[in-house]
Amino acid sequence: MYTIKEVSKMMDVSEHTLRFWAKSDFFPLVQRNENNFRMFSDTDVEFVKIIKCLRAIGTDNKNIKKYIDLCLIGDSTIEQRYEIIKETHKKAIAQMEEHKKRLELLEYKEQYYQNLMKKAKSN
């Protein structure tokens with residue numbers, strides 16, 4: 001079992017964010033210790049991983065909650081969960097392509113300015 005502080009460090013997610021996610025009922029299996037502190041199991045940490053991934057791609061909290069609820073229901077929801085992951089994957093690929101275009105533009109501009117500086121030095 002891990003404290004929120006330990007999970008925060010392991011997963012590079014702020015404690016504040018983890019608390020917000022917990023209040024959003026993203027960790028329905030998290031237990032509390034005798035001092036009422038949240039204690040995360042390995043399963044809970046796996047939920048943190050997928051939530052962090054989904055959030056990074058821009059999935060809204062409503063759809064993350066839907067995904068978690070489907071996970072808790074069990075195997076009868078595998079197809080629904082697959083569709084959520086498949087759509088998120090498509091979105092991630094589209095974002096990656098956009099990032100690639102931005103990177104190419106930055107590389108072009110970097111080369112452009114390097115060439116200008118070389119010309120300025122040679123004059």
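At 17% relative accessibility, Gly 74 counts as buried, a class that means under 20% relative accessible area, with exposed over 50% and partly exposed in between (1.4 Å probe, protein chains only). Gly 74 sits in the loop between H4 and H5. Its C-alpha atom is separated by 20 Å from that of Phe 40, and the two residues are 34 residues apart along the chain.

A word on the basis of all this. This is a predicted model, in which local features need pLDDT of at least 70 and side-chain atom pairs count only at pLDDT 80 or more, while totals for chains, interfaces and linings use all residues. Residues are numbered from 1 along each chain as its sequence is written, and side-chain values use heavy atoms, with hydrogens and water left out. Helices (H or I, at least four residues) and strands (E, at least two) are DSSP runs, numbered from the N terminus.

**The sheet**

Let us start with the strands. Three of them form an open sheet with antiparallel pairing, in the order E1-E3-E2; two strands pair if DSSP finds at least two bridges between them. The edges are strand E1 (2–3) and strand E2 (31–32), each pairing on one side only. E1 and strand E3 (residues 38–40) run antiparallel and are joined by two bridges. Phe 40 in E3 stands opposite Tyr 2. Helix H3 (residues 42–57) lies across E1 and E3, at about 85° to E3.

**The helix pairs**

Here are the packed pairs side by side. Axes are lines fitted to C-alpha atoms, for helices over the stretch in contact, and angles run from 0 to 180 degrees between N-to-C directions.

| Pair | Angle | Axis separation |
|---|---|---|
| H3 and H5 (residues 78–122) | about 50° | 10 Å |
| H4 (residues 61–73) and H5 | about 150° | 9 Å |
| H1 (residues 4–11) and H3 | roughly 45° | within 11 Å |

Angles under 35 degrees count as roughly parallel, over 145 as roughly antiparallel, 65 to 115 as roughly perpendicular and the rest as oblique. H3 and H5 are therefore oblique to each other, and H3 passes H5 in a left-handed crossing. A crossing is left-handed if the near helix is turned anticlockwise from the far one by less than a right angle, and right-handed if clockwise. On the H3 side the contact (heavy atoms within 4.5 Å) involves Ile 50, Leu 54, Ala 56 and Ile 57, and on the H5 side Ile 85, Thr 88, Lys 91, Ala 92 and Gln 95.

H4 is roughly antiparallel to H5, and their crossing is left-handed. Tyr 67, Leu 70 and Cys 71 of H4 meet Gln 80, Arg 81, Ile 84 and Ile 85 of H5.

H1 and H3 are oblique to each other, with H1 passing H3 in a right-handed crossing. From H1 come Val 7, Met 10 and Met 11; from H3 come Val 45, Val 48, Lys 49 and Lys 52.

**Two loop residues with positive phi**

Most residues other than glycine have a negative phi. Asp 12 has a positive phi, near 55°, and is placed in the loop between H1 and helix H2 (15–23). With a relative accessible area of 66%, Asp 12 is exposed. Asn 36 also has a positive phi, near 70°, and is found in the loop between E2 and E3. Asn 36 counts as partly exposed, at 48% relative accessibility.
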